[in-house]
Amino acid sequence: ARFYRPKTLSLARNPKFIRFARDSQSDNRKKFDQYTIIKFPLATESAMKKIEENNTLVFVVDVRSNKHQIKEAVRKLYDIKTLKINTLVRPDGTKKAYVRLSPDIEALDVANKIGII
């Protein structure tokens, strides 16, 4: 005896979260610009220590952004060259990016210009 699975109702997709298309020309990708990627700079005590001692700025960024996108966004927003970027996802679900600046740029000056200090 064989069981034939009956044809059931198949509804059209109705996603709660629209995923971004892979191609760079799509409308969704264009919405993901530098203002969407970088949310705000952190001005906590530990972030201040990083600015003074390690020449590093700390930003809260979009969870979906990667290091290359963060680097480009920082370059476009603040006209600064970065050495490297470390990221981590905080327990509250937001992503934090440590942006290490090149030695010729002083993080304190950039922080003053942004308005952190």
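## L83 in strand β3

At 48% relative accessibility, L83 counts as partly exposed; this label covers the range between buried (under 20% relative accessible area) and exposed (over 50%), computed with a 1.4 Å probe on protein chains only. L83 belongs to strand β3. Strands here are DSSP runs of E with at least two residues, helices are runs of H or I with at least four, and both are numbered from the N terminus. The structure is a predicted model, in which local features need pLDDT of at least 70 and side-chain atom pairs count only at pLDDT 80 or more, while totals for chains, interfaces and linings use all residues. Residues are numbered from 1 along each chain as its sequence is written, and side-chain values use heavy atoms, with hydrogens and water left out.

Leaving aside residues up to four places away in sequence, L83 touches K71, R100, L101, S102 and P103. Contact means heavy atoms within 4.5 Å. P103 is 20 residues from L83 along the chain, and the C-alpha atoms of the two are separated by 8.5 Å.

## The sheet

The sheet is open and has four strands, in the order β1-β2-β4-β3, with antiparallel pairing. β1 (38–41) and β3 (82–89) are the edge strands; each has a single partner strand, so one side of each has no neighbour in the sheet. On average, neighbouring strands are turned by 30° against each other, direction ignored. Strands of a sheet pair through backbone hydrogen bonds, either parallel or antiparallel.

Two strands count as paired if DSSP finds at least two bridges between them. β1 and β2 run antiparallel and are joined by three bridges, and I38 stands opposite V61 in β2. Seven bridges join β3 to β4, again an antiparallel pair. Here L88 stands opposite K96 in β4. The hairpin of β3 and β4 has five residues between the strands, and in this hairpin G93 takes a positive phi near 95°.

## Helices on the sheet

Helix α3 lies across β2 and β4 (95–101) and runs at about 145° to β2. Helix α4 (residues 67–78) also packs on the sheet, where it touches β1, β2, β3 and β4; its direction makes about 125° with that of β3. For these angles, axes are lines fitted to C-alpha atoms, for helices over the stretch in contact, and the angles run from 0 to 180 degrees between N-to-C directions.

## Salt bridges

How many salt bridges does the structure hold? There are three. A salt bridge is a side-chain nitrogen of Lys or Arg within 4 Å of a carboxyl oxygen of Asp or Glu. Side chains of opposite charge can pair when their charged atoms come close.

One of the salt bridges links D62 and R64, with the closest N and O atoms 3.1 Å apart. D62 is buried, at a relative accessible area of 9%, whereas R64 is partly exposed at 40%. Another salt bridge joins the side chains of R75 and E72 at 2.7 Å, N to O. Because R75 and E72 are three residues apart in helix α4, about one helical turn separates them. R75 is partly exposed at 41% relative accessibility, and E72 is partly exposed at 36%. R90 and D92 also form a salt bridge, with the closest N and O atoms 3.3 Å apart. R90 is partly exposed, with a relative accessible area of 23%, while D92 is exposed at 53%.

## Two loop residues

N55 lies in the loop between α3 (45–54) and β2 (56–61). Is N55 buried or exposed? With 14% relative accessibility, N55 counts as buried. Its side chain reaches the backbone nitrogen of A107 at 2.7 Å. Not counting residues up to four places away in sequence, N55 touches K50, V99, R100, L101, S102, P103, I105, E106 and A107.

D104 is in the loop between β4 and α5 (107–114). At 65% relative accessibility, D104 counts as exposed. The side chain of D104 makes a polar contact with the side chain of S102 at 2.8 Å. A polar contact is a pair of N or O atoms within 3.5 Å; within protein, one must be able to donate a hydrogen and the other to accept it, and residues adjacent in sequence count only if both atoms are side-chain atoms. D104 and V58 are 46 residues apart in sequence, and their C-alpha atoms are 18 Å apart in space.
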